[in-house]
Structures are given as C-alpha cells and as structure tokens.
Amino acid sequence: QNPKTSAIVKQLVAEGNDGELQKYFGSRMEFGTAGLRAAMGAGISHMNDLTIIQTTQGFCRYLEKNFSDLKKRGVVIGFDARAHHSSGGSSKRFARLAANTFISQGVPVYLFSDITPTPFVPYTVTHLKLCAGIMITASHNPKQDNGYKVYWENGAQIISPHDKGISQAIEENQEPWPQAWDDKLIDSSLLLHDPYATVNKEYFKDIQKQCFHRNINKETNLKFVHTSVHGVGHKFVQLAFKAFDLSPPFAVPEQKDPDPEFPTVKYPNPEEGKGVLTLSFALAEKDGAKIILANDPDADRLAVAEKQESGEWKVFSGNELGALLGWWIFTCWKNHNRDTRAIKDVYMLSSTVSSKILRAIALKEGFHFEETLTGFKWMGNRAKQLMDQGKAVLFAFEEAIGYMCCPAVLDKDGVSAAVITAEMASFLATRNLSLSQQLKAVYDEYGFHITKASYFICHDPKVIQQLFDNLRNFDGKNTYPKSCGRFKVSGIRDLTTGYDSSQPDQKAILPTSKSSQMITFTFANGGVATMRTSGTEPKIKYYSELCAPPGNSDIEQLKKELDELVNALEKHFFQPEKNNL
C-alpha cells in the first residue's frame, strides 16, 4: 500500500521491463544471523514497508512460540536516521510499522521516540529484561541500504538456529495482518512505551563504572575532535564525555547532524580511513586537537587518529586500538582489584581474524583469553555465557573497529569506546605519552603483533568455490598446500569442512559452517593468514599477522617479512590473474 513503491512496480509492468521485475521479485531477502540488509526499494528483494511487515510478522510468531510471557515483557525497537526519498522508506517508518505489528498482537513495544546508537537496543533488552530487540539500521553501508538487526533476550545478536526459525516463520506469515499498514494506531495504544529518557539516564550511569580517572579528566588540556559521519553519534558522545567529566570534543560541523544523503563522504565508513576523516583533520588543525574520534553512522564502531610529532596523522587500525584498549582496561582492572586470586575469573575475547595481541597479554598477566568466530554475535553470546558462570568479561574486540568495553552492552559500542579512549589518552598525557608511544610500549612488553588485511572483489560464486576447492586439493586430492612460496605451512584449520591439523583428532574446536568459506594457515615463521568469504559483500578477504616474542624489536624487518608473506599469499593462493579478481 505504499504509493511510491507501488508506482515503481506498476511503471515497470507497463513498460514490460522483465529484467528489472526479476531483480525486484526474483528472490526474497535472506534473513540470517545479522537479520536483513539490502537496498531500500520495491519488491521482495528490497527493504520496504511490505518486507518489514512480513519480517516482523514472522519474528513475532517465532517469539510467541519461544516465550510464554512475551505479552508481559515485550520488545524494544530502535532506528537510525536513514531515509530513501524515491521509495518512501526510512528507518523511522520501518520501526513504526514493526511496532504496529507487535502491538496488534498484544505485545508491549518499547519504541525509541528518536534516533539512537545501535548499542542502546541490546542495552535496553538487558536493562528492561525484554524478550528481544530490533534495530533498524544499515550501519556504515551505502546510503540506499537499510537493515533489520535482531537481539535475543540475553542482549546479544541472534545465532543459529534462531535465524532459520525466524526465516521459516517469515515464509509462513507473508500476507499482511488486518491493520498492518496503519501505523497511526500505535500512538493511542497503551502497549506503546518510550524508553528514550530512562535509557539515556541509565546507560550513561552504567558506563561510568568504566571511568577511573575523573580528576585527570577534569584537568586535562588534551583536545579531541569527534565526527559522527552524518549519523546518530553526535549527541551521545557529547553526553558520554560529560558523564566522564571531560570537556566536550569539537564536533565536525558539516557532519554532526544526521543526513541520510551522507553528502561529504564517498562511503560513510570510518574503516576506509583518511578519506572519511578529511574534514576531521582540518578541524583538528584549526582547533589544535591531537586526537580524532570517528563513529560510523549507527555509532557502534570507532576509528581513532592521532597527530604525530612529524605533523602526520596516524589512523590506528582496529587491531592497534584493540591492543591499546585491552592493555588499558586490564590495567584499570588490576589497579582496582588488589585480590590477586580474582584474576582466574577474568576473560577477554576477540574474533579469530583479529590480532592475537590479547592472547599475548593474557599469557603474561594470567587472565583468560578466548577467540570466537568472526562477528560480535559470537563474542556477545560467549560473554553472556561466561558472565552467567560468574566470570568477568572485561573486553572484546574485532579488527573491523568494533569494541565491547562495558559489560552492560553485549555488542560493539562506539560511544563507550570513544569516551574510554579519551580517558586513556588523557591519562597517558599526564605521563607525557602519546597513544602511538603507548602502543609501542605494549608491543615491547608483550611482543610485536603486525597485521595486514585486504580483499579481492569477485562477483562470480563459481570462481570463489573453485579457488577454495583448489586450496583443499592443492597437491592432489584432499591435500592442502605445504608451503606458500618460500614460506612453510605448519598448520591448517578449515572452518568450512571442520578440519584442524593441530588438534589430536584433527577436528576444529570452533563451530563450522558449510555455507561460508574460511581457511586459516599457520606458518613456520610465526605468521598466520586467514582467507574467508564475506557474508555481506562480493569479497574474498584475507587477514594476516606476524607475532614475534617479546624482545624481537626489529619492527622494519618484521614488516618486510609480513609484506613478503602477503605477496606470496596473493600470488600462490589467490592467483588474481588466473581467477580474474
């Protein structure tokens, strides 16, 4: 019943444009553990009023099956500032339609009255003990996209088999229920609640448990620039600084207000590095700020840059900031826990494609480190399991600039990460240390961990399959490569097939997934490289790392060694010319 998408389809039918109609209606968006993510527009392959109604009807039925007290506890729904003029879709409209679906079935809905960061949804699920949460966002994707992200009652993103169950329930509930289109009904419903004021108060109270140096924060002369890249983060990072008694960061004026067009950047993704930060650099130079904090548009990720003595700006990689935050959060914990026995219950987590620096710190300091599969859904769920066993999970991170610094949110959170980074920098400044100098000190103490990651683009699934089949049958059937150029392979873990050469029974410990490709090679020189397909983009990614023991401080030599390993990996395992990548 949306006049805009309806008109688009009628026009294509009138033109007899079968190709476009096939694109719109050929296949339904796949509901996976990350929920939905697709372009806004007409048809069942896109995010629009109808597909949101269908998805929510399925999700509602699935929750009714799983929770006898759904009508007592309810769900939370949040949204970012995305909007798509030509199809009339927007995050706010989708959130209201989703709320209407639940309310029509007698389920209480806590619908935020205004835009919020993604981490506020998992926070609200836990804080109000709700059955589930939905966030309407496409994070840092291009402007035409939107998404539907789902959290379970434990406050973490869903993992299998929930995705399959929800997907099936969507298939079974495609016809819109009687009042599905009339979202005005919710405004007069007693089942509609607005958690905005409560959550804003409670969240900032909870993150203050990670504030350890209030006096330093009050006095510091260090200046910060913050950009929310046309997303939701501005107001919330300002409030976080206030909660920590830090002077507010300078906000990049052209990017501080939400704008669904993202007019000043090619991609609204701070992972892209310097291109997204151009305006931040200019403002920092003007105001004499040393450190830039950049959130992605839904404020669940954080990029950090620091001005070096040379006048150059250094943008930290996700692994480097993970090393700094891991060191900082453990140091703060240690200084506040004099009981040395408590360390046996302390945990940190990172994903298997992220740097192993936390493992090195854990080994030396005596706490536990665990790695999980890629993605915060795995770290959030594992953190909750550990916390339920009485363990303290201090920190979790992934190389894609995602950090969980505060146990109140079991997902990546760019707001708390920004203010904790600011406190760490302020503390280091009292010791005349920069973030870069402290990073080097961390590597000096625990061993250098140098990483390099990139990707090849490939639009042909057959080529991708062939490339990975070739690696599994390298020297004849069922044999993996024994070397990569001059680098000897010492171990192989294949999480597509479940093979792990380092285990006594040769079976991998981490869960396996036949639907995605992922092989990790360990090399005799201490190098590790993982090749995997992306769940959301036509990419074959690789992540490589060289871990040196403490004391081996010839960093240029280590970098050269890693560069050569990566070149060999590209040449012998990817074969870009042959595979046309």
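Helix axes here are lines fitted to C-alpha atoms over the stretch in contact, and angles run from 0 to 180 degrees between N-to-C directions. Welcome to a predicted model, in which local features need pLDDT of at least 70, side-chain atom pairs count only at pLDDT 80 or more, and totals for chains, interfaces and linings use all residues. Residues are numbered from 1 along each chain as its sequence is written, and side-chain values use heavy atoms, with hydrogens and water left out.

**The whole chain**

- The chain holds 19 helices and 24 strands; these are DSSP runs numbered from the N terminus, with helices being H or I of at least four residues and strands being E of at least two.
- The C-alpha trace spans about 70 × 65 × 50 Å along its principal axes.

**What the UniProt record lists**

- An unreviewed UniProt entry gives residues 29–175, 201–307 and 344–446 for "domain: Alpha-D-phosphohexomutase alpha/beta/alpha"; such annotations may be inferred rather than shown by experiment.
- Residues 201–307 are 32% helix and 16% strand, and the end C-alpha atoms of this span lie 34 Å apart.
- Residues 344–446 are 50% helix and 20% strand, with end C-alpha atoms 19 Å apart.

**Helices H12 and H13**

- H12 (residues 318–336) packs with H13 (residues 357–365) at an angle of about 25°, and their axes are 9 Å apart.
- The two helices are therefore roughly parallel to each other, a label for angles under 35 degrees.
- H12 and H13 cross in a right-handed way, meaning that the near helix is turned clockwise from the far one by less than a right angle.
- Gly-322, Ala-323, Gly-326, Trp-327, Phe-330 and Lys-334 of H12 meet Ile-357, Leu-358, Ile-361 and Glu-365 of H13, where contact means heavy atoms within 4.5 Å.
- By class, six of these residues are nonpolar, two polar and two charged; Ala, Val, Leu, Ile, Met, Phe, Trp, Tyr, Cys and Pro count as nonpolar, Asp, Glu, Lys and Arg as charged, and the others, Gly among them, as polar.

**Helices H10 and H15**

- The axes of H10 (residues 233–243) and H15 (residues 414–430) cross at roughly 40° and come within 9 Å.
- Phe-236, Val-237, Ala-240 and Phe-241 of H10 make the contact with Val-415, Val-419 and Ala-422 of H15.
- This contact has seven nonpolar, no polar and no charged residues.

Terms used:
Parallel < 35°, antiparallel > 145°, perpendicular 65-115°, else oblique.
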